[in-house]
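Here are a few notes to go with your first look at this one.

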Amino acid sequence: MTSNRVFIAGAGGFGCSLAVLADRYGCQVTLWSKFQEEIDAIRRLGENKRLLPGVPIPPTVNLTTDLSEAAQVALVILAVPSVAVRDVAKAMSPSIRPGSLLVNVGKGLEPGTLKRLSQVIREELPNCRVAVLSGPSHAEEVARGVPTTVAVASEDRASAQRVQDILSCDTFRIYVNDDVVGTELGGALKNIIAVAAGICDGMELGDNAKAALMTRGIVEMSRLGVALGGRSETFGGLTGIGDLIVTCMSMHSRNRRAGILIGQGISPKVAVEKVGTVEGYVTTQSAYRLARQMQVEMPILEQLYAVLYEEKDVLLALRTLMGRPVRHESEDALLALEK
Ligand SMILES: NC(=O)c1ccc[n+]([C@@H]2O[C@H](COP(=O)([O-])OP(=O)(O)OC[C@H]3O[C@@H](n4cnc5c(N)ncnc54)[C@H](O)[C@@H]3O)[C@@H](O)[C@H]2O)c1
């Protein structure tokens with residue numbers, strides 16, 4: 001990792017883990033939070049006890065609530081939930097220099113507009129270079145220096161390569177991917193399937209059901225991703241199947257943990273309140289609307305939407321999925337048969 005100044009907007013789980021990683025490999029790191037109490041608590045306790053407990057934030061990491069400190073750095077990392085991305089980018093705009101490089105690591109879609117987060121950032125910071133980073137990368141493991149691989153994509157390849165140069169190190173391996181749409185949507189949509197996988201676990205449906213959910217889930221993700229301009233092979237990579245596996249299998253995943261509670265009979269709203277940032281909950285609603293707009297068939301998403309937003313019983317949703325008309329596994333083969 002080259003020695004560089006890095007500004008991280010968002011001092012939650014992932015922001016803190018990237019701060020620890022970048023500091024360890026010689027970057028000069030500034031970690032920003034909008035909330036003075038969050039910065040004060042990190043300063044006082046030496047860690048973000050609420051969002052990344054047990055991971056010391058080194059004293060060499062500069063803590064701030066001043067966004068103008070993003071002006072003089074090599075790389076700005078946006079690590080806030082999708083609902084906050086526009087506000088943070090907007091608040092940054094008066095101080096950030098034209099040509100600055102930003103990488104978004106948040107995974108979701110903007111509620112309401114249904115835009116990808118890089119589109120939102122571009123709208124607010126049109127003179128900046130924007131990249132997106134996604135892949136199987138739980139904060140808890142990134143911070144501990146556990147081997148992790150991710151993908152970075154940008155409309156201009158040089159920007160993606162610059163992010164790769166700045167953030168790569170022997171525990172954090174970054175691949176460049178040219179498919180921005182697919183890279184972003186892989187990260188956003190897998191959270192939906194992770195909530196469903198958690199429900200599956202909460203209902204104690206067993207390994208067969210979960211494997212089926214993940215396999216058919218990636219098919220749905222890819223279908224919507226391709227309809228929106230992504231490439232299907234991206235969904236077979238780190239940001240698609242890679243991130244899906246880690247999110248559906250790990251107790252680190254808040255999306256899965258919320259799903260487990262729902263599968264155990266707790267109401268979706270209460271489950272999300274208990275767990276904290278559950279991007280998959282919000283993204284389910286956005287993706288449901290997108291799928292309708294694009295006329296893409298997404299049965300798992302439809303049933304999850306009904307459970308999360310229409311009070312459908314999880315057992316009934318399961319029965320609906322299992323009771324669908326039988327069909328061919330491969331869409332291409334199906335299309336050929338229909339001709
Ligand atoms: N935690 C992970 O392992 C992980 C890994 C990869 C990507 N991500 C993605 O990174 C994003 C952040 O996730 P996280 O786990 O760090 O969340 P978190 O809940 O741990 O932290 C969120 C941070 O954003 C800040 N924030 C919340 N609302 C804000 C607002 N309105 N304005 C400004 N700041 C605000 C909070 O102060 C906090 O510092 C999510 O999109 C998530 O999907 C998380």
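1. Start with the count: the structure holds two cavities of 30 Å³ or more. Keep in mind that this is a predicted model.

2. To find the largest cavity, look for the residues that line it: Asn 104, Gly 106, Lys 107, Gly 108, Leu 117, Val 132, Leu 133, Ser 134, Thr 183, Glu 184 and Gly 187. Two elements, strand E6 (129-134) and helix H7 (180-202), each give at least two residues to this lining.

3. What kind of residues are these? Sorted by class, the lining of the largest cavity has six polar, three nonpolar and two charged residues. Lys 107 and Glu 184 are both in that lining, and they are the charged ones because Lys and Glu count as charged.

4. Now for the second largest cavity. Its lining is made of Leu 189, Ile 192, Ile 193, Glu 220, Met 221, Met 298 and Leu 301. Here the elements giving two or more residues are H7 and helix H8 (207-227). H7 has the largest share, with three residues.

5. By class, the lining of the second largest cavity has six nonpolar residues, one charged and no polar ones. Glu 220 is on the list of lining residues, and it is the charged one because Glu counts as charged.

Note on methods
Residues are numbered from 1 along each chain as its sequence is written. This is a predicted model: local features need pLDDT of at least 70, side-chain atom pairs count only at pLDDT 80 or more; totals for chains, interfaces and linings use all residues. Side-chain values use heavy atoms; hydrogens and water are left out. On a 1 Å grid over the protein atoms alone, a cavity is a set of points where a 1.4 Å probe fits but cannot get out, and a pocket is an open set with protein on both sides within 12 Å along at least five of seven lines; lining residues have an atom within 4 Å of a point. Grid points are joined across faces, edges and corners, and a volume is the space filled by probe spheres set on the points. Helices (H or I, at least four residues) and strands (E, at least two) are DSSP runs, numbered from the N terminus.
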